[in-house]
Amino acid sequence: MKVNGITVGASTYRCAYVMAASLNQTARRYMPFNTLTEGSSPSAYTNILPVPSSGQVLAVSLWAQSTADITVSTHKNGSSTIIESSTISCTGGVPSTFLFTSTTFSQNDELHFGVAGTANPNGTIINVILEYDI
């Protein structure tokens with residue numbers, strides 16, 4: 001495989017992506033990648049993370065201002081269908097890590113991350129860890 005014109009051998013590569021939003025409702029919202037405003041549609045361009053190689057989602061760390069049972073879900077290619085989800089009782093101001101084992105993706109897929117809570121999470125930061133097969 002070539003990456004930026006350089007031939008690389010088969011290996012894995014882990015990468016982190018950080019998103020921030022002000023989630024002020026309990027309905028599932030999709031985390032933005034290039035704005036502070038989350039969206040209600042996974043297919044909005046602000047909620048898309050295009051991936052350059054096949055791989056899998058390993059984990060999502062989440063920090064929320066407010067305490068709530070929070071569900072993080074994975075989605076692909078503009079679909080609101082949940083691929084995998086994880087729910088944790090989160091304490092406001094304390095990071096929580098959601099582990100994923102079956103969310104895989106292919107080169108040029110679009111990933112989306114949904115967040116919903118039993119109460120408003122309010123200010124929210126998530127850090128997504130992906131593993132690429134290169």
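Predicted model: local features only at pLDDT ≥ 70, side-chain atom pairs only at ≥ 80, totals over all residues.
Hi everyone, thanks for coming. Residues are numbered from 1 along each chain as its sequence is written, and side-chain values use heavy atoms, with hydrogens and water left out.

Let's start with confidence. pLDDT is the predictor's confidence in each residue, from 0 to 100. The protein chain has a mean of 84, and 84% of its residues reach 70 or more.

Now the overall layout. The protein chain has 12 strands and 0 helices. Helices (H or I, at least four residues) and strands (E, at least two) are DSSP runs, numbered from the N terminus. Of the 134 residues in the chain, 40% are buried. Here buried means under 20% relative accessible area, exposed means over 50%, and partly exposed lies in between, with a 1.4 Å probe and protein chains only.

Which strands does S7 join? Strand S7 (residues 68–76) is joined by 7 bridges to strand S8 (residues 84–90), and the two run antiparallel. Strand S11 (residues 110–117) is also joined to S7 by 7 bridges, again antiparallel. Two strands pair if DSSP finds at least two bridges between them. If you want to find these on screen, Thr-71 has Thr-87 in S8 as its bridge partner, and Lys-76 has Leu-111 in S11.

Next, the aromatics. The structure holds 1 aromatic pair. The ring centres of Phe-105 and Tyr-132 are 5.8 Å apart and the planes meet at 75°, so the pair is edge-to-face. For the cut-offs, rings of Phe, Tyr and Trp (its six-membered ring) pair if their centres lie within 6.5 Å; planes under 30 degrees apart count as stacked, over 60 as edge-to-face and the rest as tilted. Phe-105 lies in strand S10 and Tyr-132 in strand S12, so the pair ties together parts that are 27 residues apart in sequence. Both residues are buried.

Is Val-60 buried or exposed? Val-60, found in strand S6 (residues 55–64), is buried, with a relative accessible area of 0%. Val-60 and Phe-113 are 53 residues apart in sequence, yet their C-alpha atoms are 9.2 Å apart in space.

Over to the surface. Val-18, Trp-63 and Ile-125 form a nonpolar patch with about 260 Å² of accessible area together. Patches are made of residues with over 30% relative accessible area and no salt bridge, joining like charges within 9 Å and nonpolar side chains (Val, Leu, Ile, Met, Phe, Trp, Tyr) within 5 Å. A salt bridge is a side-chain nitrogen of Lys or Arg within 4 Å of a carboxyl oxygen of Asp or Glu. The areas come from the Shrake-Rupley method with a 1.4 Å probe, and for residues only the protein chains shown count as cover. Ile-125 sits in strand S12 (residues 122–133) and, at 37% relative accessibility, counts as partly exposed.

Asn-77, in the loop between S7 and S8, has a positive phi of about 55° although it is not a glycine. Asn-108, in the loop between S10 and S11, has a positive phi near 75°. Asn-77 is partly exposed at 42% relative accessibility, whereas Asn-108 is exposed at 61%.
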